[in-house]
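Please look over the structure shown below. A report on its packing and local geometry follows.

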Amino acid sequence: LADLVGVLGRVQVVSRQQGAATSVRLGAPSGQLKAQLGGFKSRALRAEAPARRDLHATEWHAINEADGASGARVLTIGEDASVDCERLASRAPHADVLARLHDGEWAAIALAVATQRASLTAIPVFALEVALALVQMQATTTPAPRMWMLTIGSAAHEGSWGLARSARAEASLPVHCIDGAATAALEQLQALAEPEATLRAAACLVPRLVRAREGAHATIAPAASTHLVTGGTGGLGLLTARWLSQRGAARALALVSRSGVLARITAGDWAGVHATAVDTLVQRCDTAEVAHVGRLVAHVAGAASAVPSPRYCMGVWHAAGVLADGVLPGQTAEALARVYAPKAHGAWALHRAFATAVVRTHALFSSVAALLGGAGQANYSAANTCLDALTSRLRACARASTSVQWGAWAEVGMAARGAA
């Protein structure tokens with residue numbers, strides 16, 4: 001309409017509603033008709049629910065490798081001494097990093113933060129802080145240099161892939177991820193056009209989304225079992241508890257959260273759980289604290305040992321999580337740690353605490369943001385990527401685990417509350 005006004009000069013717009021249609025007349029202030037739309041209708045389209053809903057999974061497929069570009073200038077930021085190129089320490093001041101970025105025509109910037117001796121909670125957050133700082137500096141550089149995150153097979157760096165996906169989704173930054181030995185990665189990164197790749201001894205693997213195969217669904221523990229649900233007093237946690245209790249899949253339920261208090265909006269789901277014969281315990285526990293998780297598991301396992309059943313086993317449902325959304329330039333280390341704690345630290349703390357238990361069901365509530373990246377959710381994407389990676393590690397060891405990358409739920413969850 002603005003373009004049309006520019007062509008016709010000053011115009012007067014008159015619209016009339018005629019039944020279900022709207023007519024529009026464009027005329028000069030003097031009343032002379034310039035243009036007329038006889039009428040148009042608008043209506044809301046309602047998509048029908050699909051007859052079948054397919055589950056999808058990420059598989060890794062081999063591709064042909066191309067030879068890397070020789071003589072390319074690569075600046076590596078990190079402490080990996082095996083990398084034979086120009087290096088800058090990961091703890092270098094931002095001003096020094098910016099100066100090096102503008103110092104020459106770099107073909108790529110590689111981030112390879114070495115796994116350091118520190119606590120379980122300190123290593124991943126430090127690696128993410130370095131990655132976030134570099135991505136933020138990359139966004140302020142024109143033109144933005146290509147950047148590769150070298151994760152080197154360490155669990156401490158798995159969140160970097162989610163951070164990179166959000167950077168690509170939100171700001172279209174050329175941020176790539178590669179997993180493998182640093183030397184081999186640097187030889188290949190110039191030739192790889194894929195945003196993500198994993199280098200193994202005889203192959204270069206890239207991720208592809210495919211329909212999940214039969215048997216990819218989570219195995220539900222038998223009825224003679226106790227199920228632990230983190231985030232259990234929230235919408236998704238209580239919905240899971242109600243589903244377990246009403247289908248007869250649990251003898252007892254332990255619903256845990258940081259507050260240990262049921263929200264008012266969950267009264268309906270709580271009534272559904274309470275109406276069954278399942279013993280239900282509501283417990284306060286911060287899953288990000290290893291000591292809290294240890295005490296919780298000892299309490300639950302103690303009650304479980306009193307059950308005289310050879311079929312007795314445990315089910316773990318990790319639905320805890322918080323949001324601290326913000327655009328990429330405004331993301332902070334504090335926001336990273338806040339979102340990372342209940343999701344990633346909580347998942348690893350539960351895994352270690354149940355290491356000797358018979359866990360038949362291990363379900364992690366991840367997010368589609370981990371797969372596609374979420375604009376304004378770099379920290380949330382990073383945290384959920386760690387859940388997916390933990391499931392991959394457990395399955396590789398023939399342990400039960402399923403990570404579901406949920407989208408937004410209609411009536412429950414953080415997105416439904418308007419927090420996302």
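This is a predicted model: local features need pLDDT of at least 70, side-chain atom pairs count only at pLDDT 80 or more; totals for chains, interfaces and linings use all residues.

Residues are numbered from 1 along each chain as its sequence is written, and side-chain values use heavy atoms, with hydrogens and water left out.

**Nonpolar cores**

In soluble globular proteins, nonpolar side chains tend to be buried together. A nonpolar core here is a set of buried Ala, Val, Leu, Ile, Met, Phe, Trp, Tyr and Cys residues joined through side-chain atoms within 4.5 Å. Buried means under 20% relative accessible area, exposed means over 50%, and partly exposed lies in between (1.4 Å probe, protein chains only).

The largest nonpolar core has 33 residues. Val135, Met149, Leu163, Val175, Leu328 and Tyr340 touch the most other members. Two or more residues each come from helix 3 (122-139), strand 8 (147-150), helix 4, strand 9, helix 9 (333-353) and helix 11. Helices (H or I, at least four residues) and strands (E, at least two) are DSSP runs, numbered from the N terminus. Helix 3 gives the most to this core, with nine residues. A second, separate core holds 15 residues, among them Val229, Ala241, Leu253 and Ala319.

**A buried serine**

Serine 381 sits in helix 11. Serine 381 is buried, at 0% relative accessible area. A polar atom of its side chain lies 2.9 Å from the backbone oxygen of glycine 162. This is a polar contact (a pair of N or O atoms within 3.5 Å; within protein, one must be able to donate a hydrogen and the other to accept it, and residues adjacent in sequence count only if both atoms are side-chain atoms). Leaving aside neighbours within four places in sequence, serine 381 is in contact (heavy atoms within 4.5 Å) with residues including Gly162, Ser166 and Ala369.

**Aromatic pairs**

How many aromatic pairs does the model hold? The count is three. Rings of Phe, Tyr and Trp (its six-membered ring) pair if their centres lie within 6.5 Å; planes under 30 degrees apart count as stacked, over 60 as edge-to-face and the rest as tilted. Two of these pairs are described here.

Tryptophan 243 and tryptophan 317 form an edge-to-face pair, 6.1 Å centre to centre with 75° between the planes. Tryptophan 243 is in helix 6 (residues 235-246) and tryptophan 317 in strand 15 (residues 313-318), 74 residues apart. Phenylalanine 365 and tryptophan 406 form a tilted pair, 5.9 Å centre to centre with 45° between the planes. Phenylalanine 365 lies in strand 16 (residues 359-367) and tryptophan 406 in strand 17, so this pair ties together parts 41 residues apart in sequence.

| Residue | Relative accessible area | Class |
|---|---|---|
| Tryptophan 243 | 41% | partly exposed |
| Tryptophan 317 | 7% | buried |
| Phenylalanine 365 | 8% | buried |
| Tryptophan 406 | 31% | partly exposed |

**Cysteines**

The count of disulfides (a pair of cysteine sulfur atoms within 2.5 Å) is zero. Cysteine 204 is buried at 1% relative accessible area. Cysteine 386 is buried at 3%.

**Two loop residues**

Serine 172 has a positive phi, near 55°, and is not a glycine. Serine 172 lies in the loop between helix 4 (159-171) and strand 9 (175-179). Serine 172 is exposed, at 62% relative accessible area.

Alanine 398 also has a positive phi, about 60°, and is not a glycine. The loop between helix 11 (378-396) and strand 17 (402-406) holds alanine 398. Alanine 398 is exposed at 72% relative accessibility.
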